[in-house]
Amino acid sequence: GTAWQPVQQLPTEHRENIFGVRFLAGSSRDVVSVAGDGLVQLHQLGEDGSRRRTVVWRTHGDRVKRIDVHPDHPNVFLTAAEDGTIREFDTRQTLE
């Protein structure tokens, strides 16, 4: 069969398995990732796809397993972790 190659690779600051990754609603340059290290990271990409900024949240007390984006509010997303919490993030609170 054909061996496909990735179009792009995005390095992160995660230290354990990445369990979820999503583009923020309506964005092709804002990517959020969650991982077993308990971190939530927002990766802002430049025009050429390179990482130009990463925002890191350390709010969960255990592995973060899920992420979902709000369909109508492009700055809002939710995370769910093994610490039993669901957290809502609004990137405007960090980025402004």
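Colleague: How many salt bridges does a search of the whole structure find?
Modeller: This is a predicted model. Salt bridges were searched for across the whole structure. The count is 6.

Colleague: Which residue meets R22 in a salt bridge, side chain to side chain?
Modeller: R22 lies in strand β1, and its partner lies in strand β5, so the pair ties together parts that are 46 residues apart in sequence. The N to O distance is 3.1 Å. The partner is D68.

Colleague: Is D68 buried, partly exposed or exposed?
Modeller: Buried means under 20% relative accessible area, and exposed means over 50%. D68 has 41% relative accessibility, so D68 falls in between. R22, across the salt bridge, has a relative accessible area of 33% and is likewise classed as partly exposed. For D68 the class is partly exposed.

Colleague: What is the relative accessibility of K65?
Modeller: Its partner E82 is partly exposed, with a relative accessible area of 36%. K65 also counts as partly exposed. The value for K65 is 24%.

Colleague: Which residue is linked with K65 and E82 in a network of salt bridges?
Modeller: K65 and E82 form a salt bridge with each other. The network holds these two and an arginine.

Colleague: In the salt bridge of R92 and D90, which residue counts as buried?
Modeller: The two side chains meet at 2.6 Å, N to O. R92 has 38% relative accessibility, so R92 counts as partly exposed.

Colleague: Where does F23 lie, and how far is F23 from V69 in space, C-alpha to C-alpha?
Modeller: F23 lies in strand β1 (residues 18-23). F23 and V69 are 46 residues apart in sequence. Leaving aside neighbours within four places in sequence, F23 is in contact with S28, R29, D30, V31 and V69. The C-alpha to C-alpha distance from F23 to V69 is 8.0 Å.

Colleague: Is F23 buried, partly exposed or exposed?
Modeller: The exposed class needs over 50%, and the buried class needs under 20%. F23 has 46% relative accessibility. F23 is therefore partly exposed.

Colleague: Which side chain makes a polar contact with the side chain of T79?
Modeller: T79 lies in strand β6. At 1% relative accessibility, T79 counts as buried. Beyond four places in sequence, its contacts include V34, V40, I67 and F89. The polar contact spans 2.7 Å, and the partner is H60.

Conventions. Residues are numbered from 1 along each chain as its sequence is written. This is a predicted model: local features need pLDDT of at least 70, side-chain atom pairs count only at pLDDT 80 or more; totals for chains, interfaces and linings use all residues. Side-chain values use heavy atoms; hydrogens and water are left out. Helices (H or I, at least four residues) and strands (E, at least two) are DSSP runs, numbered from the N terminus. Buried means under 20% relative accessible area, exposed over 50%, partly exposed in between (1.4 Å probe, protein chains only). Contact means heavy atoms within 4.5 Å. A salt bridge is a side-chain nitrogen of Lys or Arg within 4 Å of a carboxyl oxygen of Asp or Glu. A polar contact is a pair of N or O atoms within 3.5 Å; within protein, one must be able to donate a hydrogen and the other to accept it, and residues adjacent in sequence count only if both atoms are side-chain atoms.
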